[in-house]
Amino acid sequence: MDSAFVMPAENEMFSWIEDMYALGPRRAGTRADHLCEDYLANHLKAAGFDRVYKTPIPIRVWQPDKFMLEAQSASGGGFSALPSHYIPYTAFTPGEGAEGEPLFVRQHDIGRIPPSKWKNRIVVADIEFPEINAGSLEGLSFFTNDPDKNIKKTLHPAPWIRFHWEIYLEAAKHGAAGFIGVLKDHYAGGQNYYAPYGFMEKDIHDKPIPGFWVDRKTGESLRRIAKNGIRRVKMTLTGDIAPGVTHNVTGVLKG
């Protein structure tokens, strides 16, 4: 192979992952995405790739500027902020936010709750994901190197398989004011980085009501407060959708 490329050490490659993670969520077209594209391109050049280029892809960029999830206790008074993160590509609220009484919904509640009960409520539901046998992922790979046959013995958490998202769709269909997804099986504090963002929509922007993720601890708090009677939940998610661009970054080695 006629190239100056040298395979980097393992600790160096992990340092790149840490650097990119520190940029924040890298949704397509955002500042963090563009910084990561330049980071990748520069590192490919430094690693000895002969030709590095960025191919532009025009997109609509969903960009929030303010977000907050709050709850009001049964005793009334003001709202208290809850640890949360917006669900990317969901609808924006008016500037003053959207309020409603919470409605906890489980999978088997769909079809049992009258449509009128959903309207103007903030729907709260558990979002769960399974553990799958890592051997089932072999079909997605070009090849495997597993001389000790350990792959089939390994259970792998699959956060990209999200159970109960259809509750969001039901909430939107019946006129709910918003949706809170409790990441029941995710790590505590993981709501900020929960991805992927698409849920089999034809258009990733097709999420008609505002939504927030909360982690399992906050979900437990919501249930505990609800037993004493949450009067209202308020969500504020403002921003805009504008034309933008993202890029594929490609590096070419001679040989």
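You're looking at a predicted model, so local features need pLDDT of at least 70 and side-chain atom pairs count only at pLDDT 80 or more, while totals for chains, interfaces and linings use all residues. Residues are numbered from 1 along each chain as its sequence is written, and side-chain values use heavy atoms, with hydrogens and water left out.

**Salt bridges**

- The structure holds 8 salt bridges (a side-chain nitrogen of Lys or Arg within 4 Å of a carboxyl oxygen of Asp or Glu).
- One of them links Asp109 with Arg106, at 3.5 Å from N to O.
- Asp109 is buried at 10% relative accessible area, whereas Arg106 is exposed at 52%. Here buried means under 20% relative accessible area, exposed means over 50%, and partly exposed is in between, using a 1.4 Å probe and protein chains only.
- Lys152 and Glu138 make another salt bridge, with 2.8 Å from N to O. Both residues sit in the loop between strand 7 (131–133) and strand 8 (155–157), so the pair ties together parts that are 14 residues apart in sequence.
- In that pair, Lys152 is exposed at 55% relative accessible area, and Glu138 is partly exposed at 23%.

**A pair inside a helix**

- Glu170 and Lys173 also form a salt bridge, and their closest N and O atoms are 3.3 Å apart.
- Both belong to helix 4 (residues 166–173), where they're 3 residues apart, about one turn of the helix. Helices (H or I, at least four residues) and strands (E, at least two) are DSSP runs, numbered from the N terminus.
- Glu170 is buried, with a relative accessible area of 18%, but Lys173 is exposed at 59%.

- How many residues of strand 9 (residues 178–183) are buried? The count is 6 of its 6 residues, so this strand is mostly covered by the cut-off of under 20%.
- In a regular strand, side chains alternate between the two faces of the sheet.
- From strand 9, Gly178, Ile180 and Val182 point one way, while Phe179, Gly181 and Leu183 point the other way, and all are buried.
- Strand 6 (residues 122–127) runs parallel to strand 9 and is joined to it by 6 bridges. Two strands pair if DSSP finds at least two bridges between them.
- Within that pairing, Ile122 has Gly178 of strand 9 as its bridge partner.
- Strand 9 also runs parallel to strand 10 (residues 211–215), with 5 bridges joining them. Leu183 has Asp215 as its bridge partner in strand 10.
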